[in-house]
Each structure stands twice: as C-alpha cells, then as structure tokens.
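Reader: I am new to reading protein models, and I would like a close look at one part. Could you take me through how the helices pack, and then go on from there to the sheets and the charged pairs?

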Amino acid sequence: MDAPQTGRAVRFLTDDEFPPLHFAGPDGNPTGFVVELARAVCEKLTISCTVQARRFDTLLDALDGKQGDVVAAAIPLTATLREKFLSTRPYFRWPARFAARTDRGLPVPSAAALAGRSVGVIAGSAHAAYLKAFFPKAVPRDFADLAAAESALKRGEIDYLFADGLNLALYVGGQDAESCCALIGGDYLENRYFGEGIGLITRQEDAALSRALDDALQRVWDDGKYTELYLRFFPVSPF
C-alpha cells in the first residue's frame with residue numbers, strides 16, 4: 001500500500017526524553033527505537049519524512065493543530081484517544097515482568113512458586129492489582145516508586161519484584177544494579193491491566209495515511225528490520 005501523496009514531507013512528532021524509545025542522540029537529533037522505526041516505515045513507503053521533537057504533553061495538541069501528521073511516541077492507546085485520533089495496530093506493548101536476584105536460585109514465578117514469597121510492587125499500580133488477582137498466595141510488599149523497589153531487590157529485602165518490563169530491563173542491564181539481578185519467567189500482557197501498547201497516531205481525517213503506516217509496519221516486521229532495531233535499543237529484552 002502506498003502512502004497518500006501530499007506533495008510535502010510527512011511530519012512525525014516525538015519527544016526526546018524517554019530512552020530507549022525516543023531521546024536526543026549525540027548530535028541532538030531525535031533517535032530511539034520508536035524514531036528509527038518511524039524512519040524505517042518512511043523508507044518502506046518511499047516518502048520523505050521529518051522528525052521533530054516536542055514536549056511530551058504537547059504532542060497530541062500539536063497533531064490536532066496540524067503542526068505535524070503523525071505522533072511517534074510512548075502514548076498509550078486507549079478508548080479515549082481513539083475517540084479523537086486514529087492509530088495503527090500496536091507496534092510495542094508494555095509487558096509486566098518479574099525480576100529476582102541471580103544468587104538466590106529462586107523458581108520461575110507461578111501461583112504455587114510464589115506462595116509465601118515476598119514480591120515488591122508499586123503501591124496502587126496495575127502490577128499490584130494483577131499480583132493480588134493471579135498470585136493470591138504471594139506476600140506483596142508495597143513501595144512508593146520503582147527506584148525504592150529496585151533498591152530493596154538489590155539488597156535482598158524482597159524475593160521478587162513485579163513491575164513494568166521495560167524499566168526492569170533497563171535496571172537489570174544497567175550500572176546501578178551491579179549485575180545483582182535478572183528478569184525471570186515470561187511476560188504478562190493482559191490489556192485489562194497493562195494496556196494495549198503504543199501505535200503511530202494520526203488525525204481521523206488521515207485514514208489513508210494510517211492504513212499505509214499499518215501496512216509499512218507489517219513489512220518492516222516481515223523483512224527483519226523491526227528485530228534489528230529492537231536488538232539495537234534493547235540489549236536486555238523487556239519480553
């Protein structure tokens with residue numbers, strides 16, 4: 001499917017403060033998994049594209065005001081968003097994951113394996129609700145934020161940590177963890193708890209562009225470019 005011919009470059013809007021999805025590169029230009037995926041989509045459609053960084057909380061207003069054509073950023077897909085905008089199918093989802101210290105020899109998480117074991121969660125989060133619903137015999141330990149929970153895991157004060165897989169992957173693969181911990185078990189992707197993910201967002205009147213972007217995303221996946229970009233920006237996979 002070809003992109004609609006507009007006679008000008010398709011303008012992508014992003015934010016440059018959310019690595020590894022979108023951030024400012026060494027030269028100051030936007031880069032990251034989402035940004036490079038958008039550029040790969042443009043190559044598939046053989047169209048000229050520009051990428052402009054804006055403050056995250058202004059992206060949808062800028063799109064609505066026709067200051068850009070596509071938002072490529074970590075904006076969750078919701079029913080409310082779809083009332084006003086179109087989106088491609090999700091190209092990235094937010095997995096929930098468990099992490100544990102590597103020196104404890106703990107079992108892969110399951111309802112039985114977690115019985116009586118302490119699991120750190122962020123208080124009031126979707127992860128806390130999911131843990132309560134599906135691992136009822138685990139012993140939850142509430143933390144005010146992820147940094148506090150990660151520190152507790154590193155010190156061995158909890159057996160597991162259950163949280164956003166992207167942030168956990170960045171933590172266990174980063175310097176702060178000092179190789180203390182690793183992701184353990186599989187990913188959890190239930191929409192009801194963790195959302196639908198993120199897609200390329202356009203205005204409702206740009207349905208032809210949205211369909212073309214969807215088609216190009218599939219081709220980027222099929223030819224292996226998606227995997228190449230994923231491995232470049234996620235040395236420790238959140239999935």
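**Helix α1 and its surroundings**

Author: In this predicted model, F33, E36, L37 and A40 of helix α1 meet a set of residues in helix α9, namely K225, Y226, L229, Y230, R232 and F233. Two packed helices are described by the angle between their axes and the distance between the axes. For α1, which covers residues 33-45, and α9, which covers residues 225-233, the angle is about 160 degrees and the axes are 10 Å apart. Since angles over 145 degrees count as roughly antiparallel, α1 is therefore described as roughly antiparallel to α9. The crossing in which α1 passes α9 is right-handed.

Helix α1 also meets helix α8, which is made of residues 207-222. Here the axes come within 9 Å and cross at roughly 100 degrees, and because angles from 65 to 115 degrees count as roughly perpendicular, α1 is placed roughly perpendicular to α8. On the α1 side the contact involves L37, A40, V41, K44 and L45, while on the α8 side it involves A212, L213, A216, L217, R219 and V220. If you compare the residue lists, you will find L37 and A40 named in the contact with α9 and named again in the contact with α8.

From the helices we can turn to the sheets. One of them is an open sheet of 3 strands, in the order β2-β3-β4, and its pairing is antiparallel. The strands β2 (17-18) and β4 (30-31) stand at its edges, and each has a single partner strand, so one side of each is left without a neighbour in the sheet. Between β2 and β3, the latter being residues 22-24, the antiparallel pairing runs over 2 bridges, and F18 has H22 in β3 as its bridge partner.

Another open sheet has 5 strands, arranged in the order β10-β9-β11-β8-β12, and its pairing is mixed. Its edge strands are β10 (139-143) and β12 (181-188), each of which pairs on one side only, and from one strand to the next the twist averages 30 degrees. Within this sheet, β9 and β11 pair in the parallel sense over 2 bridges, with V119 standing opposite Y160 in β11. Helix α5 packs on the sheet and touches β8, β9, β10, β11 and β12, and the direction of α5 makes about 155 degrees with that of β11.

With a relative accessible area of 28%, R117 is partly exposed. Leaving aside residues up to four places away in sequence, R117 touches L106, P107, A138, V139, D159 and Y160. By contrast, the C-alpha atoms of R117 and L81 are separated by 39 Å, although these two residues are 36 residues apart along the chain.

D159, one of the residues that R117 touches, leads us to the charged pairs. D159 forms a salt bridge with R104, and the closest N and O atoms of the two are 3.8 Å apart. D159 lies in the loop between α5 (146-154) and β11 (160-164), whereas R104 lies in the loop between β8 (96-101) and β9 (118-122), so the pair ties together parts that are 55 residues apart in sequence. D159 counts as buried at 18% relative accessibility, while R104, at 37%, counts as partly exposed.

In total the model has 18 salt bridges. One of them joins the side chains of D69 and R11, with N to O at 3.1 Å. This pair links distant parts of the chain, because D69 is in the loop between α2 (59-64) and β6 (70-71) and R11 is in strand β1 (residues 10-14), 58 residues apart. D69 is buried, with a relative accessible area of 4%, and R11 is partly exposed, with 24%.

A further salt bridge brings together the side chains of R155 and E157, at 2.7 Å from N to O. Here R155 is exposed, with a relative accessible area of 54%, and E157 is partly exposed, with 39%. Finally, salt bridges that share partners join R11, K66, D69, R203, E205 and D206 into one network.

Key: Residues are numbered from 1 along each chain as its sequence is written. This is a predicted model: local features need pLDDT of at least 70, side-chain atom pairs count only at pLDDT 80 or more; totals for chains, interfaces and linings use all residues. Side-chain values use heavy atoms; hydrogens and water are left out. Two strands pair if DSSP finds at least two bridges between them. Helices (H or I, at least four residues) and strands (E, at least two) are DSSP runs, numbered from the N terminus. A salt bridge is a side-chain nitrogen of Lys or Arg within 4 Å of a carboxyl oxygen of Asp or Glu. Buried means under 20% relative accessible area, exposed over 50%, partly exposed in between (1.4 Å probe, protein chains only). Axes are lines fitted to C-alpha atoms, for helices over the stretch in contact, and angles run from 0 to 180 degrees between N-to-C directions. Contact means heavy atoms within 4.5 Å. Angles under 35 degrees count as roughly parallel, over 145 as roughly antiparallel, 65 to 115 as roughly perpendicular and the rest as oblique. A crossing is left-handed if the near helix is turned anticlockwise from the far one by less than a right angle, and right-handed if clockwise.
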